[in-house]
Amino acid sequence: MTAFAEIILVFVLLTNFTLLASARLSTCIRQVAAQGVVLGLLPLLVGPEGPGARLFLVAAVMLVVKGIVFPKLLFRSLRNANVVHESTPIVGHTASIVLGIGILIVSFWFTSRFPLPAGQQPVSTLVLPVALATLLSGFLLIVIRRLALMQVVGYLVLENDIFVFGVGLAHEEPLLIEMGILLDVFVAVLVMGIAMFHISRTFDHIDVDQLSQLRD
Amino acid sequence: MNFIPLILALGIAPFMVGLINRVKAIFGGRQGQPLLQPYYDIWKLLHKGAVYSRTTSWVFRAGPIVTLAGVLVATALMPLGSCPSLISFSGDLILFAYLLALGRFFTVAAALDTGSPFEGMGASREVFFSTLAEPALLLGLAAVAKKAIGTPLISLTEIHQHVTPELWAGSGLILVFVAIAFLLVYLAENSRIPVDDPNTHLELTMIHEVMVLDHSGPDFAFILYGAALKLWVLGALIVGMVVPNTGYMVIDLATSLVGMFVLAVLVGVIESVMGRLRLLRVSQLLVGATALSVLALVLEYRG
């Protein structure tokens, strides 16, 4: 079971890299959706009492929300904004992969000396480094991309990271907390989608760099 | 026994090129050249005279010879299956990488020596891409070496002999990552399609082909044979990582040879179904290969 969990965690690392590397916005939306859906399978594999009905429920809700609802919302705002590529990011796509490599090394080095509460053993030694790397990749995506849509994607990566951290350390999160977080994220993505719609309708673009001046 | 990999490489390397061409022809609905066409080409070129421009110096003449010599020594370092290589010592994988780099340096120097702007452009691209491919190769080798024996400084023979079914069962993920990274390096180093099109003779898009435009006769035969050997020797590196060894030398040699031919067919399929990437995307591909190698290495070193 741990071997499968590790494959999922490594998949998360790979999607972090493809998110940093790809300029095409639709690819990024699909990647972050795939990351969320695959992560939804994690509790089934590491739950202390084995896969039960409750864990299947969490996985199913994750699948629906992260695999169907979020991509639909984001694709809708993509169509409205009328952009295909992020052509001039603040940090180029090749350079972002190099930053991603740096993040990877730093997270593995840093978490190898990370003090854990006594008696708290993570599911796998990969959990902490993957969680830290995903956290930093999500922040990086938000900082180095100009389009508002990529910042929503970065936010979703952060949410996936919280999930890795929670499930990896606690083996399972209480259903109520999990559903609460998902509801929060859902509302946030919805609101950001509406905001993006208004930005693109008012300014004809979703480039956040050009939103730095306040005017009446 | 340890001369078998070298003999096989010297004999079969041009056949790999023919096999790739045949696969591409079948995909294109053509009959294609004879499988042995690369041998005929090399034979024909060896019987021709060479033409040297008066603007070139000895660097231009040394290019093909040094390149072929470097690749030949690199071939002598490369084992096949569990059959050891002719020369083998601790850390020879670094020598292997830099012998290929030496050959590349002289090809580039010869291209620059002609003073042709096209060749200079090809040379600059070649150097750029090989700079990006080298960390992927060395870090991937370090990851597999660490996995197989526990220290990164061992010989290629020892690495290949330790790729067993048990290693695959224990840490297949690392081997898969390194194999994918090496496949990308392989395509880039051999000027294959997502990076460079070996068939195009449009100077603006070429990398490797454009650098050797001015070589003729035996010099060009050396270049073709050197390229075929490089295709073989880097292929043997990948096959050595992917095909598990049983310990029986004959079986391992046979499976590795089959692996080499499968690799050639795979390259042919990739060339048939993909287009050449834009130059800017190539660097991304190679940095991605480095990322895979680094990932394999940190997965190996996590404590």
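User: OK, in what order do the elements of chain B run from the N terminus on?
Analyst: They go α-α-α-α-α-α-α-α-α-α-α. Keep in mind that this is a predicted model.

User: And how many helices and strands does the secondary structure of chain B come to?
Analyst: Chain B has 11 helices and zero strands. Its radius of gyration is 19 Å, close to the 19 Å that the globule rule gives for 303 residues, so chain B is as compact as a globular protein of that length.

User: What does the C-alpha trace of chain B span along its principal axes?
Analyst: About 60 × 40 × 35 Å.

User: What percentage of the residues of chain B count as buried?
Analyst: Of its 303 residues, 52% do. On contacts: if you take those in chain B with a separation of 6 or more, 79% are between residues 24 or more positions apart.

User: Let's pick one residue. Where is Val51(B)?
Analyst: Val51(B) sits in the loop between helix H2 (37-46) and helix H3 (58-77) of chain B.

User: New topic: how many residues does each chain bring to the contact between A and B?
Analyst: Chain B gives 12 residues and chain A gives 18. On the chain B side, the largest share comes from helix H11 (residues 279-301), with nine residues. That side of chain B divides into six nonpolar residues, five polar and one charged.

User: And the largest nonpolar core, which residues touch the most other members?
Analyst: Leu149(A), Val153(A), Val178(B) and Leu286(B), out of 158 residues in that core. Helix H9 (residues 217-242) of chain B supplies the largest share of the core, 18 residues.

User: What does Leu149(A) touch, leaving out residues up to four places away in sequence?
Analyst: Leu149(A) touches Leu25(A), Leu74(A), Ser77(A), Leu78(A), Ala81(A), Met196(A) and Ile206(A).

User: Last one: what are the confidence scores?
Analyst: Chain B averages a pLDDT of 90, and 97% of the residues score at least 70. The model as a whole scores ipTM 0.86 and pTM 0.91.

Key:
Residues are numbered from 1 along each chain as its sequence is written. Chains are lettered from A and ligands numbered from 1 in the order in which they are written. This is a predicted model: local features need pLDDT of at least 70, side-chain atom pairs count only at pLDDT 80 or more; totals for chains, interfaces and linings use all residues. Helices (H or I, at least four residues) and strands (E, at least two) are DSSP runs, numbered from the N terminus. The radius of gyration is taken over C-alpha atoms; the globule rule is 2.2 Å times the number of residues to the power 0.38. A residue is buried if 20 or more other C-beta atoms lie within 10 Å of its own, exposed if 12 or fewer, and partly exposed in between; C-beta atoms are placed from the backbone. Two residues are in contact if their C-beta atoms, placed from the backbone, lie within 7 Å. Ala, Val, Leu, Ile, Met, Phe, Trp, Tyr, Cys and Pro count as nonpolar, Asp, Glu, Lys and Arg as charged, and the others, Gly among them, as polar. A nonpolar core is a set of buried Ala, Val, Leu, Ile, Met, Phe, Trp, Tyr and Cys residues joined through C-beta atoms within 7 Å. pLDDT is the predictor's confidence in each residue, from 0 to 100.
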